[in-house]
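Dear colleague,

Please find the structure below, handed over for your own use. My notes on what was found in it follow directly after.

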Amino acid sequence: MGRDLHAFLTVISWPTDFSETEKANALVECVGLDPYHARLASRRNTPGIMREIDGAFRAQVLNALHARGVLSIAPTQAEIDAYPEAQPMLSIEQFPDADPARFVVAPRKGDAWTFTCDQVWLITCGRLRQTRVTIEDDANTAYGFESAHSELARRLSDGGPRASRKIRIQPVIDLHVRHGAHGRVVRLIGPRCRVGIVGDTSRPSLLDRTPPSDLLEAIMPHARIDREFLDFDPPASLRGRATKWGGDSNIEKLEYWSFYSSWLALIRIAMGD
């Protein structure tokens, strides 16, 4: 099975009267999980990915689950990759007195563009964590790198170098905008993004908005807001890619966030948003 044909079997919701045993039985009989892993999967938050399956068989699996009343979809990796790629923004500014509220965004690459608040149909809110380890050896040479635990352990075992670790946590927000034929995704990340009013030279960082999702909820009332990223359980293939070069298994990684935001958007589209 090629990577593009991987399908991520997602249970959006279970029938309200299903017991844990009935959920596990559905995953055994419809999806092919063994009883032990089916019980574990049945306890995941919904929406949640229960298993990666071959996309060639997703219709068969989904039909079996739907027949039991289980609301589910199975987007493939190719479908997730085809969702509009998020544009990291240098700034987002609101036009004063515009009704409905109108915004202009300046991407890191490309030209600025505008949209109104009622074009934003989904807002995904989360946070990212970055760990930077710096090692200084006896020659006062500093080595900085991300999550290089094996190198850190080797140097510390020699007894000479000194290590320090800095952890940075920053908010991340994706605005899913109806714009053109395929839509666009505005990505706002912590101190890299300035927020303000058009014509006002005082533009605080996104970090100065506490919490930023509350402000967006107030000025974009038609959008659905999701704050459940920290409860997301990434599929095994995604974990493998995200930790390929080492590092911890924390959820607050950009790789997980990018997948989650697109995956959630496909769920909401399937639900008719």
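A residue is called buried when its relative accessible area is under 20%, exposed when it is over 50%, and partly exposed in between, using a 1.4 Å probe and protein chains only. By that criterion, 44% of the 273 residues of the protein count as buried.

Please note that this is a predicted model, in which local features need pLDDT of at least 70 and side-chain atom pairs count only at pLDDT 80 or more, while totals for chains, interfaces and linings use all residues. Residues are numbered from 1 along each chain as its sequence is written, and side-chain values use heavy atoms, with hydrogens and water left out.

Overall composition

The protein has 8 helices and 12 strands; these are DSSP runs, numbered from the N terminus, with helices being H or I of at least four residues and strands being E of at least two. Contact here means heavy atoms within 4.5 Å. Among contacts between residues at least 6 apart in sequence, 63% join residues at least 24 apart.

Helices

Two packed helices are described by the angle between their axes and the distance between the axes. Helix α1 (residues 20–31) packs against helix α3 (residues 58–67) at an angle of about 145 degrees, and their axes are 9 Å apart. The axes are lines fitted to C-alpha atoms, for helices over the stretch in contact, and the angles run from 0 to 180 degrees between N-to-C directions. On the α1 side, A26, C30 and V31 take part, and they meet V61, A64 and L65 of α3. The residues of this contact divide into 6 nonpolar, no polar and no charged. In this count Ala, Val, Leu, Ile, Met, Phe, Trp, Tyr, Cys and Pro are nonpolar, Asp, Glu, Lys and Arg are charged, and the others, Gly among them, are polar.

In helix α6 (residues 212–219), the buried residues are P212, S213 and L216. They lie on the same side of α6, because they cover an arc of only 95 degrees around the axis. The arc is that of the directions from the helix axis to the C-beta atoms.

Salt bridges

A salt bridge is a side-chain nitrogen of Lys or Arg within 4 Å of a carboxyl oxygen of Asp or Glu.

- E252 and R127 meet through their side chains at 2.4 Å, N to O. This pair links distant parts of the chain, 125 residues apart: E252 is in the loop between α7 (236–242) and α8 (254–270), and R127 is in strand β7 (residues 120–136). E252 is buried, at 6% relative accessible area, whereas R127 is partly exposed at 37%.
- R227 and E217 form a salt bridge at 3.1 Å, N to O. R227 lies in the loop between β12 (224–226) and α7 and E217 in helix α6, so the pair ties together parts that are 10 residues apart in sequence. R227 is partly exposed at 39% relative accessibility, and E217 is partly exposed with a relative accessible area of 39%.
- D233 and R239 form a salt bridge whose closest N and O atoms are 3.1 Å apart. D233 counts as partly exposed at 31% relative accessibility, as does R239 at 29%. R44, D233 and R239 are linked in a network of salt bridges.

Prolines and backbone

P75 lies in the loop between β3 (71–73) and α4 (77–82) and is buried, with a relative accessible area of 5%. Which residues does P75 touch, not counting those up to four places away in sequence? They are H6, A7, F8, T10, R58, I80, W263 and L266. P75 and H6 are 69 residues apart in sequence, yet 8.3 Å apart in space, C-alpha to C-alpha.

Most residues other than glycine have a negative phi, and most peptide bonds are trans. The bond joining T46 and P47 is cis, with omega about 0 degrees; P47 lies in the loop between α2 (35–42) and β2 (48–54). The bond from D99 to P100 is also cis, with omega near 5 degrees, and P100 is in the loop between β4 (86–94) and β5 (102–107). That loop between β4 and β5 also holds D97, which has a positive phi of about 70 degrees although it is not a glycine. D97 counts as exposed, at 81% relative accessibility.

With kind regards
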